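Thanks for asking me to look this one over. Here are my notes, as numbered points you can read alongside the model.

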Amino acid sequence: MTVLDTRALNRAALARQHLLDRTDAPAHAVVAHLCGMQAQEPQEPFTGLWSRVRDFRPGALDALLTGREVVRTHLMRRTVHLVTADDALAWRARHGTMLQGRVLTTYKAELAGVDPDELAAAGRAVMADGTPRTMAELVEAVADRWPAPPRRALGELLVAGVIPMVQLPPRGLWGARAGVRNQTLAAWLGREVPPLPEDGTDPVGQALVRRYLAAHGPASSGDLRAWCGLTGLPAAVKAVRDELVAFRDERGRELLDLPDAPRPDPDTPAPVRFLPAFDNAILGYQDRGRIIDDAHRGLSVAGERVLLVDGRVSATWTLDEGVLAVAPLRPLSRAERAAVTEEGGALAAFLTDGASDGVRVAAA
């Protein structure tokens, strides 16, 4: 079995993530290809798309959100994701048990005695009038039946667990500072969430295996599980196993992949790329060694924005009064600093609507 070293896995991941070469594909197609973009920080997907889509403009994503072609919803790992409307509908039922279970685990003591089905029915009855509501407003409407649990716990179970919900614009629009207003997924899209098949098959799980590998492969079953948070996926992997090819990494772990997916030469040059907080390219794996050193792994879950130099996380960055401030995690060569400055200036201009292209690169 062919062994893929860390650099080979890195270049494959960058190619799948449109970080080796920007794509001319429209933003909708890119969101779909990536299997969604983590988006609990509402403005971050704009940077993620800018780094992946040639000549990306914020209005393209705004139009998708207001046109109900993409939505913000709790999905993978119970985090807010930006996903296409079709994927939100197709995947939500398969994620339902996980979403509910994670809220109940987080608030085990606080939600003891609350029947999730009864709470869901009550919440749906409130939302049936079609009026978007904040989490606090929804909890207030059902609190007389469940006065004991903390309202935060009850609210999270409602909007992130038992009822498929979306976060409505203007939250998530370019430059918007808007709170969360929730609407049911079905009401917002005018389509019901399809139920899971009664015959016990898992077509959604099988589709997720293929889609995940197209965006993140080659990867292990553990990587797949860490990305989505779902259980029961070994059966889905087994069902599509004959469609896949297998490799091993340098530690002997089996990696699966689509046979025709890109696996570039490990020596392929990788350009500087700025990533937003919680980017898929890092969080999409259990073993993140292909893109970030173990010493810096904590950055990936701390909400730090990072940048890739030669394909690996090599610095963090912030936007400070219109100037892009870069803090290297290792010494950068003169050529690397020049490339960081050039790409950073373009990003600064994007984030400030052309008001500034300033970049400040600190010493390592």
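**Pockets and aromatic contacts**

1. The largest pocket has a volume of about 460 Å³. A pocket here is an open set of points on a 1 Å grid over the protein atoms alone, where a 1.4 Å probe fits and protein lies on both sides within 12 Å along at least five of seven lines. The volume is the space filled by probe spheres set on the points, which are joined across faces, edges and corners.

2. A word on the basis: this is a predicted model, in which local features need pLDDT of at least 70 and side-chain atom pairs pLDDT 80 or more, while totals for chains, interfaces and linings use all residues. Residues are numbered from 1 along each chain as its sequence is written, and side-chain values use heavy atoms, with hydrogens and water left out.

3. Back to the largest pocket: 14 residues line it, with Q43, E44, G175, R177 and R305 nearest its centre. Lining residues have an atom within 4 Å of a point. By class, six are nonpolar, three polar and five charged (Ala, Val, Leu, Ile, Met, Phe, Trp, Tyr, Cys and Pro count as nonpolar, Asp, Glu, Lys and Arg as charged, and the others, Gly among them, as polar).

4. The second largest pocket has a volume of about 320 Å³. It is lined by 20 residues, and R124, V162, I163, P164 and V193 are the closest to its centre. Helix 5 (85–106) is one of the helices that supply at least two lining residues each, and its five residues are the largest share. Helices are DSSP runs of H or I, at least four residues, and strands are runs of E, at least two, numbered from the N terminus.

5. Now the rings. There are six aromatic pairs, meaning Phe, Tyr or Trp (its six-membered ring) with centres within 6.5 Å; planes under 30 degrees apart count as stacked, over 60 as edge-to-face and the rest as tilted. W174 and F350 make a tilted pair, 5.1 Å centre to centre with 50 degrees between the planes. The two are 176 residues apart, with F350 in helix 14 (residues 334–351). W174 is partly exposed at 22% relative accessibility, whereas F350 is buried at 10% (buried is under 20%, exposed over 50%, partly exposed in between, with a 1.4 Å probe and protein chains only).
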